[in-house]
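Please walk me through this structure, one feature after another.

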Amino acid sequence: FPVTIQAVFPSHDIVEIGCELVQFGRTSITIACEVRNKDSKQTIIRIDKIVFVTIDENGKPIPHGIIK
């Protein structure tokens with residue numbers, strides 16, 4: 001299902017997005033991301049777990065073939 005994440009910040013603010021690798025599996029990669037105000041470094045929103053899974057045409061997980 002789709003996820004909509006909304007955060008309010010002044011339109012003149014410049015934001016930066018930082019992501020880090022949390023877990024690296026055979027068929028999946030998990031990351032955490034944070035959106036911050038570029039000047040103050042204040043966090044606007046943090047997403048602790050985003051999982052990307054490689055799937056075949058039948059929706060079954062398959063190895064992604066990426067080597068750390």
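Q: Which residue of β3 is the bridge partner of R36?

A: Strands are DSSP runs of E with at least two residues, numbered from the N terminus, and two strands pair if DSSP finds at least two bridges between them. Here the partner of R36 is T43, in β3. The pairing of β2 and β3 is antiparallel and runs over eight bridges. This is a predicted model, in which local features need pLDDT of at least 70, side-chain atom pairs count only at pLDDT 80 or more, and totals for chains, interfaces and linings use all residues. Residues are numbered from 1 along each chain as its sequence is written, and side-chain values use heavy atoms, with hydrogens and water left out.

Q: What is the order of the strands in the sheet?

A: The three strands form an open sheet in the order β1-β2-β3, with antiparallel pairing. Because β1 and β3 (43–53) each have a single partner strand, they stand at the edges, and one side of each has no neighbour in the sheet.

Q: How many disulfides does the structure hold?

A: A disulfide is a covalent bond between the sulfur atoms of two cysteines. The working cut-off is a pair of cysteine sulfur atoms within 2.5 Å. The structure holds one, joining C19 to C33 with an S to S distance of 2.3 Å. This pair links distant parts of the chain, 14 residues apart: C19 lies in strand β1 (residues 15–24) and C33 in strand β2 (residues 28–37).

Q: Is C33 buried or exposed?

A: Buried means under 20% relative accessible area, exposed over 50%, and partly exposed in between (1.4 Å probe, protein chains only). C33 has 10%, so this cysteine is buried, while C19, at 48%, counts as partly exposed.

Technical notes
Helices (H or I, at least four residues) and strands (E, at least two) are DSSP runs, numbered from the N terminus.
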